[in-house]
Amino acid sequence: MVSHLVEGCDIPTLCTKRALFVLSFALLLALTYAYPQPSAPSQAERFRQMSIDAETRGLAEPFKGITTNGTAQPGLFPIRSTGVSTEPVRKAAAAFLAALEPGQCNKTLFPVDDVEWRKWMNQDFYVRQGVSFKEMSEAQRESAFGLMRASLSAKGLQLSRDIMKLNHTLGELNNNDFVRYGEWAYWITMMGEPSRDKPWGWQLDGHHLIVN
């Protein structure tokens, strides 16, 4: 009956063609999965690219500082002597740098005019520079807290620590994700060598806590 429906073809010929088609399709599938396929970018790779994109956009704009409407208001905070010595801050900064290993110090210390001053972000995904509390030893963390204690008011230090601890709770609430969140997911960088008479400063950068 089939040989009448398909002119010039009989049942054995049709079966052979179908078998060849199935075999070819199976071979194509086998070849497709025999070689590794391009995998989706990992979370770390995505975060790094997102960070690079954000930095590129942000640094392309001229520096204005913090404004309410995009226009800087001159003369709000003139440089003047307060009569308060900054020597305790300088000593604490020098002690912190001295507590770091050479490799840690190299990635933490930047020139005073480095664009690193502008590289901070509130979002959790941002790939930050410097040395993190996560990679510090207990002694190094104490030196970092010593720097914060010397630089901030008692209320400012307490608020900073509360935010860091809250970030750990945030990690717990997100299926214990301590890659994106955590008490120690904060980084310190320093611009310029701590000095009595030359410009320098330090930065703390992390999720919901940025101090310059």
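Glu 55 is buried, with a relative accessible area of 17%, where buried means under 20% relative accessible area, exposed over 50% and partly exposed in between, computed with a 1.4 Å probe on protein chains only. The residue is found in helix α3, and its side chain is joined to that of Tyr 126 by a polar contact of 2.4 Å, a term for a pair of N or O atoms within 3.5 Å in which, within protein, one must be able to donate a hydrogen and the other to accept it, residues adjacent in sequence counting only if both atoms are side-chain atoms. Leaving aside neighbours within four places in sequence, Glu 55 is in contact (heavy atoms within 4.5 Å) with Lys 119, Tyr 126, Val 127 and Gln 129.

## Model and fold

This is a predicted model, in which local features need pLDDT of at least 70 and side-chain atom pairs count only at pLDDT 80 or more, while totals for chains, interfaces and linings use all residues. Residues are numbered from 1 along each chain as its sequence is written, and side-chain values use heavy atoms, with hydrogens and water left out.

The protein chain has 7 helices and 5 strands, taken as DSSP runs numbered from the N terminus (helices H or I, at least four residues; strands E, at least two). Of its 212 residues, 31% are buried, and among contacts between residues at least 6 apart in sequence, 63% join residues at least 24 apart.

## Nonpolar cores

A nonpolar core is a set of buried Ala, Val, Leu, Ile, Met, Phe, Trp, Tyr and Cys residues joined through side-chain atoms within 4.5 Å. The largest has 23 residues, and those with the most contacts inside it are Phe 96, Phe 133, Leu 147, Trp 202 and Leu 204. The largest share of this core, 5 residues, comes from α4. A second, separate core of 5 residues includes Tyr 126, together with Phe 47, Ala 54 and Phe 125.

Leu 147, neighbours within four places in sequence aside, is in contact with Val 89, Ala 92, Ala 93, Phe 96, Met 190 and Trp 202.

## Lining of the largest pocket

The residues that line the largest pocket divide into 11 nonpolar, 3 polar and 6 charged; here Ala, Val, Leu, Ile, Met, Phe, Trp, Tyr, Cys and Pro count as nonpolar, Asp, Glu, Lys and Arg as charged, and the others, Gly among them, as polar.
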